[in-house]
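Please examine the structure below with its aromatic rings and nonpolar side chains in mind.

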Amino acid sequence: MATLTATGRADLTDAQWAVLEPLLPAGRKPGRPPKWTKRQLINGIRWRVRAGAPWRDVPPAYGPWQTVYGLFRRWQRDGTWRQVLTGLQTRADAAGLICWDVSVDSTVARAHQHAAGARKRGICRPSHPAAWPPNLMITGWAGPAAG
């Protein structure tokens, strides 16, 4: 199959494609060749993930959005993306490009329940503010002096 020139500035280069292509599954169905190459569809998936746009907004140069989404979803379900990632990590690790040091921070910051936006229950509620000055008729010290 002839190589496809990159259509967008962030599409896979020939060198990147040469690394990625052996990790992809081979076509299983005999017959008519697909209209859209895997490279175009993968570039469409990469465009969508990078742009954060809806699937329907994938540019037509990458193929119909249904085809791009279909490949993404099929490979997600059957574990192809996981295998590709594992293969790329294995290659990078063999070349010494990955540092597997892990830094774990176990700091725990606990806050009071009122600091977390918990519902406030009690006397002072915004909808029923406490009256000030207090009503003298209901306070014990405002009554007649005991004598």
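How many aromatic pairs does the count come to? In this predicted model, local features need pLDDT of at least 70 and side-chain atom pairs count only at pLDDT 80 or more, while totals for chains, interfaces and linings use all residues. Residues are numbered from 1 along each chain as its sequence is written, and side-chain values use heavy atoms, without hydrogens and water.

Rings of Phe, Tyr and Trp (its six-membered ring) pair if their centres lie within 6.5 Å; planes under 30 degrees apart are stacked, over 60 edge-to-face and the rest tilted. By this rule there are four aromatic pairs. Trp-55 and Tyr-69 form an edge-to-face pair, because their ring planes stand at 65°, with the centres 5.2 Å apart. This pair links distant parts of the chain, 14 residues apart: Trp-55 lies in the loop between helix H2 (38–51) and helix H3 (65–78), and Tyr-69 in helix H3. Helices are DSSP runs (H or I, at least four residues), numbered from the N terminus.

Buried means under 20% relative accessible area, exposed over 50%, and partly exposed in between (1.4 Å probe, protein chains only). Trp-55 is buried at 13%, whereas Tyr-69 is partly exposed at 31%. Phe-72 and Trp-81 form a tilted pair, 6.3 Å centre to centre with 45° between the planes. Ring pairs join Trp-55, Tyr-69, Phe-72, Trp-75 and Trp-81 into a cluster.

A nonpolar core is a set of buried Ala, Val, Leu, Ile, Met, Phe, Trp, Tyr and Cys residues joined through side-chain atoms within 4.5 Å. The largest has 15 residues, of which Leu-20, Leu-24 and Ile-42 touch the most other members. Helix H3 gives the most to this core, with four residues.

Notes. Helix = DSSP H or I, 4+ residues; strand = E, 2+ residues; numbered from the N terminus.
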